Amino acid sequence: MSQVSLTVNGRQVSGAVEDRTLLVHFLREHLGLTGTHVGCDTSQCGACVVHVDGKAVKSCSMLAAQASGSTVVTIEGLADGADLHPVQAAFKEHHGLQCGFCTPGMIMTATDMIRRHPEGLDETTVRAELEGNICRCTGYHNIVKAILAASAAMGKAAKGKAKKAA
Amino acid sequence: MGIEGVGARVARKEDKRFITGAGRYVDDMVVPGMKHAAFVRSPHAHAQIKKIDVSKAKAMPGVIGVLTGKELKADGIGNLICGWMIHSKDGSPMKMGAWSPLAVDKVRYVGDAVVIVVADTKGQARDAAEAVEITYKELKAVVDASKAMDKGAPQIHPEAENNLIFDWDLGNADETAAAFKKAAHVVKMDIVNNRLVPNAMEPRAALGHYDKAEDHYTCWTTSQNPHVARLVMSAFYNVAPENKLRVIAPDVGGGFGSKIYIYPEEIVCLWASKKTGVPVKWVADRTESFLCDAHGRDHHTHAEMAFDKDHKILGFKVETIANLGAYMSLFSSATPTYLYATLLSGQYDIPAILGNVKAVYTNTAPVDAYRGAGRPEAAFLIERMMEVSARQFGISPAELRRKNFITSFPHQTPVIMNYDAGDFATSLDMAMKAADYAGFEKRREKARKAGKLRGIGFSCYIEACGIAPSAAVGSLGAGVGLWESAEVRVNAVGTIEVLTGSHSHGQGHETTFAQLVADRLKVPMDSISIVHGDTDKVQMGMGTYGSRSGAVGMSAIVKALDKVEAKAKKIAAHLMEADEGDIVIENGALKVAGTDKNVPWFQMALAAYTAHNLPAGMEPGLKETAFYDPANFTFPAGCYVCEVEVDPETGMTEIVQFVAADDFGNIINPMIVEGQVHGGVTQGIGQALLEGTSYDASGQLLTASYMDYTMPRAGDVPSYKLSTSSTPSPSNPLGIKGCGEAGAIGSPPAVINAITDAIGTEDITMPATPNKVWAAIRAAKH
């Protein structure tokens, strides 16, 4: 057994887990954070993407013990209270989801993608960056549209903030 | 109001929970005392079970129960069935082999369930499953449908001699023979429709809970049709009578057909819950999904088309071998027959058609309906035939199609279907314009200069949806009726609950169904809730598949709304002392037309429940139920144009443009309809370019993970150009045709027609992987 202690969605949590426990299982089964999903056994589908210390990580590719000491954000922790994160809002506005199963992983990947591309995104880049996330419902068309829209909105908001600060 | 009504692009009501991680899928469910199951599955494609030793497994940590097929049979649990009877052309019924939920004497495919292990944790259940010792005597396996009937092929079921399940004909044989006699041209083709794995992103799961005190079962399951699951589990599998069995399909993460069927696992989890005294949850891992979810397609076909000297089609002759896998899944017999051969006329006026289908057993996973189900196989065959014929005749593929289009409706085909509405030329025109077909040769030339092969391909598909009139399907062998039910409950405060037998697993019913009600009763969307997926809440329903939720499910809601509206108007008229014929519903109120007299909607509802002042003899309350049985199938149709660029050095195909022009009849929410087309087209592109299911000769599935089976990813597909036209369906009150499967039906032939146009050879099979395309280019050169 391993003792793990980490911050999840702003809350300090700890627990004793079997050594083989993956981070995704710790989140789902120990913490009841079932928004993070398991869609494959080979770290291909991306339904389990969360942020570990600010970066997108497939939580099936990491042991819970490895995440000890880290700060983790899951889909449940992305919105600011009742205010949706701009990526969440864009997925809704642009119909970027159907069955919703891949959606949490898509949104966490997209959020990280937008953060890493402050210069903005184009369709080719978004499609290439989505390589690790599989969706069977949407054909990606509206997911790409939603990410581009969120990226533009967040870029605009950041510029507005910078202007205000100046 | 307009913005929320029929035809508006309303953002989905259900999205909030999915984008915030609050969706509730079966694997998210926790019941007090719940334990976890793992299945021991056959590692062999075909073998006799000699001995099962569970003693080591039982002694493993955390193990609560290890149960076998013998115990299951001793408790009277029934075999799985196929619910659609097909008779061979000699009149004999189809040969259904026994399928025990846990194999008893023999295993027939890799993944066949043999033993269930229940333990405290999922890890412990899997550890113990590894410790179950089963002695097999391996038998020779057959995996290729075209070899299953060969002399000396291994016999899979004693009931089915030579592995032949049925040998079935549809059409007019004499006329077809005569048509070929007078033909000026005959085009022949051998074609394979590749086997696919549906791959809904949520793996299948089941949570069975037997409540001893109440002698009652609850099953949470990843189902597209929980009521059918309950019916079948009570009527055929002897799990429990219907009143003792509640089936709940909560949020379900995609289905595409694969979650229609009742599989062994949900039956076994329910039974195991009673046996062990604990709630039992099983969740498939992805490899189990690959091994055991019903696969799709897998047809081998020889076809011949007869034309007169002016290239008018005279007749069509089709011989298909359909691989149904190791067991007959729930609707497996209907897919290659009444969902396939009935569409062999395509969009064309073909006076004589003869389709023959031989369905066979092989030592592979069961095959059943997957998005489109039979119709993609028909469309691929016909639309490849049209393209290849046009090329052989040296005429434009668009013109060959145009010359043969059905142009007047209703049109009776020689293969049962009566097309009631359509305008195929308009879809073709729209698609050609959107694709800038006129400018294609310039683009081809430009690509050629850059060392690329550019090609363009058409597909003019038609399908039959909204399945279907109960009496009609009953006469064709269906074990159930295919109506749908709805109940509209107006609460005392005027809010509305709509209970539907349709099931949403991505289709957005909570939004479109609410739009329909808001439009009709002029109340806000927020005051309407759609309830589905629970047999304790909704009395009965037939579920969601075959693009039927709009055409059939929503039509049932319309019928219930008719009754609600009539009663509401009676109450309002009584309250205002007006004539009920003068009452109109506007803006949240019932008004006397042409006056300012009105009763707010909520006040009318309250009056229905206080019952202090109702018309004489009227029952209190406002709740109405309707069952709707459609008059006909619906016939969505359209034209897809795909443009590709092939790199001759690598064989890599890039889809540079994909245009879809669909006729879905009337549309409730265009945003949701477009989403369905995007997804369907992508699955079709997956079939055409990427997805190949591969068994080796011994029956081992070589493509059993996302490392081996190529799912379409964002970088494999383009953004799509969509448009719609509408010839409303005359067969339902909404004029809806359905849109769920069209994309997957229409797209594969468009892609393959484009590739073959680019590389100048017809000799390519799906998936057209770079390796195959490269080899085809090389072979054509030599």
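## Stop 1: the domains of chain B

Colour chain B by domain: domain 1 covers 27–139 + 205–283, domain 2 covers 299–468 + 632–781, and domain 3 covers 483–628. These bounds come from an automatic or database domain assignment. Before going on, know that this is a predicted model: local features need pLDDT of at least 70, side-chain atom pairs count only at pLDDT 80 or more, and totals for chains, interfaces and linings use all residues. Residues are numbered from 1 along each chain as its sequence is written, while chains are lettered from A and ligands numbered from 1 in the order in which they are written.

Now show domain 1 and domain 3 of chain B; their centres, taken over C-alpha atoms, are 40 Å apart. Their contact takes 18 residues from domain 1 of chain B and 14 residues from domain 3 of chain B (in contact means that two C-beta atoms, placed from the backbone, lie within 7 Å). On the domain 1 side, pick out helix 7 (226–235) and strand 11 (245–248) of chain B, the elements that give two or more residues. Helix 7 of chain B gives the most, with four residues. Helices (H or I, at least four residues) and strands (E, at least two) are DSSP runs, numbered from the N terminus.

## Stop 2: where chain B meets chain A

Bring chain A into view. Here 42 residues of chain B are in contact with 45 residues of chain A. On the chain B side, select helix 1 (15–19), helix 9 (286–292) and helix 18 (670–690), which are the elements giving two or more residues. Which of them gives the most? That's helix 18 of chain B, with seven residues.

## Stop 3: helix 19

Next, select residues 742–759 of chain B, which make up helix 19. At 1.5 Å a residue (times one less than the number of residues), its 18 residues should span 26 Å, and the end C-alpha atoms are 27 Å apart, which agrees. Is helix 19 of chain B mostly covered or mostly open? Mostly covered: 18 of its 18 residues are buried, where buried means 20 or more other C-beta atoms within 10 Å of a residue's own, with C-beta atoms placed from the backbone. Just after this helix, Gly760(B) takes a positive phi of about 75°.

Click on Ile755(B). Leaving aside neighbours within four places in sequence, Ile755(B) is in contact with Gly455(B), Val644(B), Val646(B), Thr653(B), Ile764(B), Ala768(B) and Val773(B). Ile755(B) is also among the residues with the most contacts inside the largest nonpolar core, which has 310 residues. Such a core is a set of buried Ala, Val, Leu, Ile, Met, Phe, Trp, Tyr and Cys residues joined through C-beta atoms within 7 Å.

## Stop 4

Highlight strand 26 (residues 637–647) of chain B together with strand 27: eleven bridges join them, running antiparallel. Strands pair if DSSP finds at least two bridges between them. Look for Cys639(B), which stands opposite Ala661(B). The two strands form a hairpin with four residues between them, and Gly651(B) in the turn has a positive phi of about 80°.

Strand 27 (residues 652–663) of chain B has nine of its twelve residues buried, so it is largely enclosed by the rest of the structure.
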